[in-house]
Number of protein chains: 4
Amino acid sequence: MTARPISIDVIRIPTSGPGDVSGLLALIDAGEIAPSEILAVLGKTEGNGGVNDFTREYAVAALREALAPRLGLAPHAVEEKIAFVMSGGTEGVLSPHLTVFTRKSAGNGAATAKQAAQADSKRLSIGIAHTRDFLPEEIGRRAHIDETGRAVHQAMRDAGIDDPNDVHFVQIKCPLLTSERIEAAARRGHMTVTTGGYASMGFSRGASALGVALALGELEAVNEDRVLKDWSLFSSVASSSAGIELMHNVVIVMGNSAQSASPFVIAHGVMRDSIDLSAVLEALKRVGLGLADARTSGRLVNIFAKAEASPDGTVRGFRHTMLDDSDVGSTRHARAAVGGLIGGLSGTGAVYVSGGAEHQGPPGGGPVAVIARV
Amino acid sequence: MTARPISIDVIRIPTSGPGDVSGLLALIDAGEIAPSEILAVLGKTEGNGGVNDFTREYAVAALREALAPRLGLAPHAVEEKIAFVMSGGTEGVLSPHLTVFTRKSAGNGAATAKQAAQADSKRLSIGIAHTRDFLPEEIGRRAHIDETGRAVHQAMRDAGIDDPNDVHFVQIKCPLLTSERIEAAARRGHMTVTTGGYASMGFSRGASALGVALALGELEAVNEDRVLKDWSLFSSVASSSAGIELMHNVVIVMGNSAQSASPFVIAHGVMRDSIDLSAVLEALKRVGLGLADARTSGRLVNIFAKAEASPDGTVRGFRHTMLDDSDVGSTRHARAAVGGLIGGLSGTGAVYVSGGAEHQGPPGGGPVAVIARV
Amino acid sequence: MTARPISIDVIRIPTSGPGDVSGLLALIDAGEIAPSEILAVLGKTEGNGGVNDFTREYAVAALREALAPRLGLAPHAVEEKIAFVMSGGTEGVLSPHLTVFTRKSAGNGAATAKQAAQADSKRLSIGIAHTRDFLPEEIGRRAHIDETGRAVHQAMRDAGIDDPNDVHFVQIKCPLLTSERIEAAARRGHMTVTTGGYASMGFSRGASALGVALALGELEAVNEDRVLKDWSLFSSVASSSAGIELMHNVVIVMGNSAQSASPFVIAHGVMRDSIDLSAVLEALKRVGLGLADARTSGRLVNIFAKAEASPDGTVRGFRHTMLDDSDVGSTRHARAAVGGLIGGLSGTGAVYVSGGAEHQGPPGGGPVAVIARV
Amino acid sequence: MTARPISIDVIRIPTSGPGDVSGLLALIDAGEIAPSEILAVLGKTEGNGGVNDFTREYAVAALREALAPRLGLAPHAVEEKIAFVMSGGTEGVLSPHLTVFTRKSAGNGAATAKQAAQADSKRLSIGIAHTRDFLPEEIGRRAHIDETGRAVHQAMRDAGIDDPNDVHFVQIKCPLLTSERIEAAARRGHMTVTTGGYASMGFSRGASALGVALALGELEAVNEDRVLKDWSLFSSVASSSAGIELMHNVVIVMGNSAQSASPFVIAHGVMRDSIDLSAVLEALKRVGLGLADARTSGRLVNIFAKAEASPDGTVRGFRHTMLDDSDVGSTRHARAAVGGLIGGLSGTGAVYVSGGAEHQGPPGGGPVAVIARV
C-alpha cells in the first residue's frame, strides 16, 4: 500500500482592496493557514487589467511585506518561495479575492491502497516553476514559448503529475512591454515584437499559452510567427495573465494526482465562445455538480476561466463591439460578460475570470476549470 | 363569437452601426414589414449609454430620415407616429440590433370564441403614449412621476389591456439633464434635482419607474423625495432608458391581451440581483421554454432586461467594484454582466439589456421579460 | 494689371452637439454664407476620436441632410461637392465647432498689380481633391501613400498654388479598419497592415502624411515599411484624421496664393513636442500676432494643430504616461494637453486640435497653422 | 540681530511608477536628503485620480516602507511624522514625480538683521497639521470645514507665518466616500452628504477649501449647505486632493516667513478659468521669472495648480464637454488641459497640477503657486 505524500488545501479569501491582507492574516492567526505551507496565491484585483494596472504589483507588494516576518524571510525571498499571480480586472459582478493554495506532506497516509488503485480517485495537486527573466525583445517569441514549455514540465513533476491528461489548468503570469522596456531594447538595437504596451500583453499571453500546448502535447510544433496570427493553435488548459511587475514567467500547474490526498478534485471544459453555457455546465458535471447544486451545495470552491473578445468580431453570427471600443478595452468587456455567465451559474462573483485568451482555448472561447470538494 | 381585432408582429434586425437602416429597408422592400404598421422600434446602439452617447439620437435620426419618404411624412412627423426607443450600450457580448413592433387590424377574425374565453390564450399586444415635454427642473420629481403614470394608463388602453397583471414590460424613454439644461433652469431661478448629467439619468429613470408602479397598483403612493433614496419602492415591469434626444417620456406597454391575434406571447420574471439565473429561467418557463430549447427551439424572439450595480456594493455578500470605478460607468459594467448571463441562456447577444434599473425591480436586480412564438 | 480670381472666406461656428446645424443654417438664412460657395467644412466633434466615434459620421450626415435642399442636390451628391472633415475629440477646454471655408470668384478685381507683385501679398486660398476608395489591405501602405500624393498636387492646382512653400496646412480625412473590414480582406486572402482597429488609425494617418511629404518635396522617397517605424520621416504641414465613415482620402490644401483676394492669410510653425510654446508663438508672429494681441485683437480666426504622445515616452526628458494608459487613449491625452496650451495662447478653446500626429511633424510634435485677418 | 531659525529645502524627483522610491533613496544615500528632516512629500501619481485610484495609497505605502528603517520607526509611525500627499492623475504631458520638502534649524544664522527687517526678504517656509479622523457622514459638512480651519492655523504656527497674506498655497489631503463607508454610515442611521463615490470627492475637496478660506479670513462665515452650491465662495490659495487612503485631513501650509533662511520664495496667482495664461505669467513674475526665463533660467522649482471643468459648461463663452463625458472624468480632462498650458509655460510636465478645484479659486479656475530659487 502506498501512502499519498501530498495534501493540498484551497481557501478563497475576499479582499477589501488591492492592499488588503487582513483576511489572510486572520486565517494565519487562527491557525487555519500555515504560512510555510503556502505554495501559490491567485488573486483577482480591481484594476483595469491593462498596462497601467498597478493593483497587481501593489497586491503582491502587500502580500510580500505581510508574509515576510511570518516566514522569517526578506520580502524579496518571499516571492521566490511563493507563486503570486494577480489577475487585474473585476468588471461587472466579479469580486476581488485571493485563492490560497497550500501544500504539505500528508503525514501518516490518508489514502488507502484501494483509493490509489482507482483512476478516478486522483485528487487535486499543484506544482510551481519559474522561467528565467526575458529580455524585452524575447517576449512573445521563440524563447518565450520554449522556456514556458520547460517550466510546465518542471511544474508537473513538482505536482506529482505524469499524464498530461491529468493537467486541467495551467496558470501563467507573464511580463508585458512598457514604453521604457521597448526603448531599452531599441537602444540595444533590438525591435520588440510590438511597440504597443497594451498589444504586448496579448503577445506575451499568447506565446505563454503556446508553450503550454507544446509541453502537454496538444501541439507538435509551433513557429513564433504564428503567435496572434493562427488562432487554430491553442491549449485547452492554459491561462496566462500579463503584468508589469515581472520579466519572467511563473507557471502553476493544477491537476489531479494519485499522489495527492487532497479533499478536492479539479476538472475542465473548453468554452467555444463567450456564451458557451454548455461548456461550463460540462466542467461542473465532471466534478459532480449539477445546475442547481453548483449554486447551493457548498461543494464548489472556485471556477477559473479565460475570456476574450472573439477576434472575428462576432459571437454566433451576431456582431459584438468589444474590439472597436476605444473607451473600454476588449479584455474588460470580455471579463465582464463571461463573469456574468459564470457568476450566474455558480451563484457568486468571487470567481477567477481572467481576460485575454489568446491561444488559450479556441478563438473567442477559453478554458474553464472547476475545483470542488469531493 | 368575438374576433380579435389586433395583430402584433415582432422582428429582430441586426445593425452594422448606429446609422444602419439597411436591414429594415430590405424587409420593407421585401414586403415583410409595412411601414405604415410600424408602431415602435426598440434598439440597442453601441454608444457608452451615458450622457454623451449620441448613437441614440443618430440612430433615431437615421430611422426618421429613412422612413419619412416611405410614410409620406416629414421626418419630424415620423417621430410622432412611431415610438423610437434606443438604449445605448452593447457591452460584452451584447449585439446592436433593432426590434420592430408592428400592429394591424387582424382582419377576418383569426381567433375563435373558445380561444377568447381562455385566459391563457391572451396574446402579445402593445400600446404607446407620450407625456408632455418636461422642464429641466421637473425631471426626477413629482410631475415626472405623475405624467408617466397617466401615460401608462393611456398606453394600456391603446394596447387593449385592462388588467395590470397582463402588463409584462413597460419600456420608457425619458430625458436627462445636460450642463446647458441645468444652466437654463438656473437662469430661470430653478434648481434641478441634481447638477450632474450622469446622475440625472438615474433620477429620470427612477421617477419614470415609480410612475409605472403607481399606474399598475404596485405602489399606492410615493413621495418625490423617495426617488433614488428608498430602494424598497419599485415596479416589477418598468424599464426606463434616459437619452439626450428628448424632453418628454415615451411609454410603450407590452402585455398579453384577449383582443390580440398575435402568434407571440410575453411573460416576465424579476431578477433579484445581477446573477439571478433562476429568475431568467422562470421567465423562459412561463412562455414554455426550458433551459435547452431557449437556445435551440427557434421560438425565442427576444429578451428584455434591466441591469444595475447593486447600490449596497455587494452581490450575495461579495463586494463588487462597479460603483467605485471612475474609468467605466456602473451601467456599462452591469449591462455587460447581465448581458453575459442572458446571452448564455438564450444563445445570442442580440438581446435587449438596458442599464440603470433604479426602482425597476429590487435594488441590484431588475425585470426580465421574454417574447416567444406560441 | 491682373485681377485676382479667387476669394476665400472662413467662418467659425460653435455647435451644441454633433447633429447641430442650426448655426450654419442661421448664417445661410442671414445671407452671410451662400451654400453654393461652401468648399469645405472642418469640424471638431465631441466623440472619443477613436474607432467607435460615430459623432463624425453623424455630423456629416446632419450637414448633408441640411444642405441638400439648399443646394438642390441629393444628400449623397452634397458629399461629392463639399469636403467634410470631422475630427473627433474635444478633450479639456477644446470646444466643438465647425470652420466653414467658402470660395467664389472675386468679381471685379479686388487686387491691384502692385499687390500681385509682392510676394507677401499672397492671400489665403484652399483647394480640394479626393482619392479613389481604398481596399482594406491598401490602407497604410504604398497605394495609400501614392494616391494621397497625387491628390495633394490636384488640390494645389485647385487652390491656385504653385510653390510648395506656399502650402501651410494639408488636412486629410482618411479611412480606418474595423473588425468587419479586416475580416473582409482576410476572406479575400489579404492581410491588412494591422488587425487592430485603433492601431489602424495610426497607419492610415501616417501613410497619408508621408504622401503629403512626397508631394511637397519634403521627402524624396519613402518605403511603405517605414510607416510608423521611422519617425525621422515627416511632413511639416500634413494633418490627417482617420474616420470610420469613408474608404478614401479627402485632401484639403491650405496656403497663400497670388490669385487670392481673400482678407485672410495663413502661416505655420512646427511644434517639436507637446509643450512647444515657442513654435505656436512663432506661427502667430508670422501672421503678425504677438502674445497679447493673439488673445485680444480679434484678428485670429482659428488655429489648426496636430498633437500626439511622444513615441519615446518622454517630453523633454520627463516621462509621460499617455502610451501606457489602458483607460484613456493617447490621442485623447495629447489633444487635451495641446488644446490647453493653444487655448491659453489664443484665449479660446474653439480651436482645431486633432490627435494622432504620426509622420505629421517630428515625433511627439506636430504642425500648427494659424489663419488670421490681414 | 535675529538669526532665522528655519531652513527649508525643496527637491523634485521623477518616478518610474507609483511604487518607485529609488530616486529618493539615492538622494538619501548620497547625503543630499536627511530622512529625519523630511517634513512633507507631495507627489503626482499616474492613476485616474478617481475613487479607485490605488496608486496614491500604493505610493504612500512604498514611501512608508522605504523610510521606516532609515528613520528607525515602524511604517505606521512614518506617516505620523511626515505629511504624504499624493495627487492622482498625470494626464497629457504631466509627469509622475515627488516633491520633497525638508526642514531643519538653520544653524549659525544665515540671515542678517537687515534681511529680517525687509518685508520682501521673507523666504519659503512650510508647516503641517492633521485633523482628527472624520466619520463618513461628516465628510463635506460642518465638522469637516471647521476642523480643517483649525488645522490651518496650527500649520501656520508650525511654519512661523503670522500674516495670512504670507500664505500662498495650502495643500490638503482629504478623504472620500466608498460604497462601504456609505453603507457603514447608513447602518448607524446616518446619511452621507452623497451616495456617489466620485461625487464625494468633490464634497470633501470643497469643504476642505472652505475651511481654508475661513481660517485665512477670505470668508467670514460659510454654511455647510453652500458646499458645491455657491461657487462665489472660495479660497485663493487652497488646494485639496481626495484619496481613499485616509479618513482625516492633512494640511500643509506653504508661504514666506521672516523666520526662514531658505534659498526659495513662493508666490501665487489665481487662474479665473482653465486657459488663464495671464494668471500663470503673473505668478511667475511675482517670483521674478519672465516668459522666457521660466523655461530656461533653471530657477523654477515647481508649479502647484488646481484645475477643474468650469461648472457652467463653458470657457469664455465657448462650450466645453468635460462635464458631459461619461467615458473620461472631468478631473482628468481638466488636469490634462491645465497641465498642457503650465507645461508649455514652464518647459516641463513635471509640475503639480491637481484636479477638482471646488471652492479652490473661482468656478472653473484655481490657484497657481510658484516656488523658485531666489
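A polar contact is a pair of N or O atoms within 3.5 Å; within protein, one atom must be able to donate a hydrogen and the other to accept it, and residues adjacent in sequence count only if both atoms are side-chain atoms. On that rule, 14 residue pairs, both members at pLDDT 80 or more, are in polar contact between chain C and chain D of this predicted model.

**Interface of chain C and chain D**

- The contact draws on 41 residues of chain C and 41 residues of chain D.
- About 3200 Å² is buried between chain C and chain D, and 59% of this area lies on carbon and sulfur atoms.
- Four salt bridges are counted between chain C and chain D.
- One of the salt bridges joins R319(C) to E46(D), with 2.8 Å between the closest N and O atoms.
- On the side of chain C that touches chain D, at least two residues each are supplied by α8 (277–286), α9 (291–296), β12 (318–319) and α10 (330–346) of chain C.
- Helix α10(C) provides the largest share of that side, namely nine residues.
- By class, the side of chain C that touches chain D consists of 17 nonpolar, 16 polar and eight charged residues.

**Interface of chain A and chain B**

- Here 41 residues of chain A are in contact with 41 residues of chain B.
- Chain A and chain B together bury about 3200 Å², of which 59% is on carbon and sulfur atoms.
- The number of salt bridges between chain A and chain B is four.
- Among them is the pair D325(A) and R332(B), whose closest N and O atoms are 2.9 Å apart.
- The elements of chain A that contribute two or more residues to the side touching chain B are α8 (277–286), α9 (291–296), β12 (318–319) and α10 (330–346).
- Of these, α10(A) gives the most, with nine residues.
- The side of chain A that touches chain B comprises 17 nonpolar residues, 16 polar residues and eight charged residues.

**Symmetry of chain A and chain B**

- In general, two copies of a chain are related by a rotation about an axis and a shift along it.

**T99(B), a buried strand residue**

- T99(B) belongs to strand β4 (residues 97–105) of chain B.
- Its relative accessibility is 1%, so T99(B) counts as buried, the cut-off being under 20%.
- The side chain of T99(B) is in polar contact with the side chain of N302(B), at 3.0 Å.
- With neighbours within four places in sequence left aside, the contacts of T99(B) are V10(B), I11(B), R12(B), A40(B), V41(B), L42(B), N302(B) and F304(B).

**A221(B), an exposed loop residue**

- A221(B) lies in the loop between α7 (197–215) and β7 (238–243) of chain B.
- With a relative accessible area of 60%, A221(B) is exposed, since that class begins over 50%.
- Between A221(B) and P164(B) there are 57 residues of separation in sequence and 16 Å in space, C-alpha to C-alpha.

**Positive phi in chain D**

- L228(D) is a residue other than glycine with a positive phi, near 60°.
- L228(D) is placed in the loop between α7 (197–215) and β7 (238–243) of chain D.
- R316(D), although not a glycine, has a positive phi of about 45°.
- The loop that holds R316(D) runs between β11 (314–315) and β12 (318–319) of chain D.
- R316(D) is partly exposed, at a relative accessible area of 30%.

Notes
Residues numbered from 1 in each chain as written. Chains lettered and ligands numbered in written order. Predicted model: local features only at pLDDT ≥ 70, side-chain atom pairs only at ≥ 80, totals over all residues. Heavy atoms only, no water. Contact = heavy atoms within 4.5 Å. Buried area = accessible area lost by both parts, 1.4 Å probe. Salt bridge = Lys/Arg side-chain N within 4 Å of Asp/Glu carboxyl O. Helix = DSSP H or I, 4+ residues; strand = E, 2+ residues; numbered from the N terminus. Nonpolar A, V, L, I, M, F, W, Y, C, P; charged D, E, K, R; others polar. Buried < 20%, exposed > 50% of the residue type's maximum accessible area, 1.4 Å probe, protein only.
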